[in-house]
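The following note accompanies the structure shown below.

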Amino acid sequence: MSTALILGATGATGRLLLRELLSSNEWSKVGEYGRRVTPEADLPPNRGNLEQKTINFENLEAADLKEGRWDVVFVTLGTTRGNAGSAEMFEKIDREYVVNACKAAKTDDPEHKQRVVYLSSSGANPSSSFLYMRSKGLTELGIARLGYADTIVFRPGFLKGAQRADKRLGETIAGYLTGAASLFTSNMEVHVSVLAKAIMKAGSLGSSGLPPAAGATKAGQEDAWFTLVGNKGALALGQE
C-alpha cells in the first residue's frame, strides 16, 4: 500500500479527489495539508487513515512535509486573480506556493521514488501573454524541475459540475458553450467527479502504467520533462 498527500483538497476538484482517496483501499495513509482543511462534518465516514494539518505556505519548514515520506503528492491547489486580489498575489499562491510545497514534500532519500500529480489547465503555456495560462505553464515546469521520479500533469478543459463558494459568470457562460461543443469533441469539458477519478488513477499507475486511452505524451523542456494528460485522456481514464 502507498501513502498519498493532497494539497488543495478544499477546491472544486480537490474535495472529490480526497473522497476518492479515502474510499480506496490502496492508500495506507492520506494526508490533507493546506491553508484550511475539510471540516469534519464534510468528511466521509471512511476516514480512519486521514491525517489533516493546517499549514502556513510562508513557513513550510514548520509543516514538516517531507517527514510524511509521501509516495504520491497530489496537487489541486490554485486560485484566480480575482480571489487573490492582485496579479502578484495570484502568482504567489498559484505558482510559488505550489512549487515550494512540492519541493518541501520531496524526501532526501534517493531510494524513495516519489510521484507528483499536478492539476493544471488547458492552454497552460509558460510563454503565454495571459497571466493565468502563463502561471500554470511555469508551475508545470517548476514542479518538473524538482526531481521527482515521476511527474504527471493534467490539463483539463472546462470543469463541469464544479461546486464553488463564489459564482463566476464567465464560467457559467463558458459552461453553456463547452457543453454544446462537447457534443462534437471530447476535448472541451470534463465533469469534476470523472477528473478526480482520473487523477487518483494516474497517481496509482504512474506514467509507465497509464493505458493507451489516456493519450499521455511527453511534454516540458530540457531538465523539466513531465507526462501530460489532456482533457480527452482524463475522460477516458476517469470513465474506465
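1. The model is predicted. Its secondary structure consists of seven helices and ten strands.

2. The chain has 240 residues, of which 48% are buried. Among contacts with a separation of 6 or more, 70% join residues 24 or more positions apart. The accessible surface amounts to about 11,600 Å², and carbon and sulfur atoms supply 50% of this area.

3. The mean pLDDT is 90, with 89% of the residues at 70 or more. Residues 168-185, however, have a pLDDT below 50, and this stretch makes 13 contacts in the model beyond near neighbours in sequence. Where pLDDT is low, predicted coordinates should not be read in detail.

4. Helix α3 covers residues 87-105, 19 residues in total. From its first C-alpha to its last it reaches 26 Å, close to the 27 Å expected at 1.5 Å a residue. Where does α3 bend by about 30°? The bend lies at Glu-96.

5. The buried residues of α3 include Phe-90, Ile-93 and Asp-94. Also buried in this helix are Tyr-97, Val-98, Val-99, Ala-101, Cys-102, Ala-104 and Ala-105.

6. Which elements do the buried residues of α3 pack against? The strands are β1 (2-7), β4 (72-75) and β5 (115-119). The helices are α2 (81-84) and α4 (131-144).

Definitions and conventions
Residues numbered from 1 in each chain as written. Predicted model: local features only at pLDDT ≥ 70, side-chain atom pairs only at ≥ 80, totals over all residues. Heavy atoms only, no water. Helix = DSSP H or I, 4+ residues; strand = E, 2+ residues; numbered from the N terminus. Expected span 1.5 Å × (residues − 1). Bend = angle between axes of the 7 residues up to and from the residue. Buried < 20%, exposed > 50% of the residue type's maximum accessible area, 1.4 Å probe, protein only. Contact = heavy atoms within 4.5 Å. Areas by Shrake-Rupley, 256 points an atom, 1.4 Å probe, with all protein chains shown as cover. pLDDT = per-residue confidence, 0-100.
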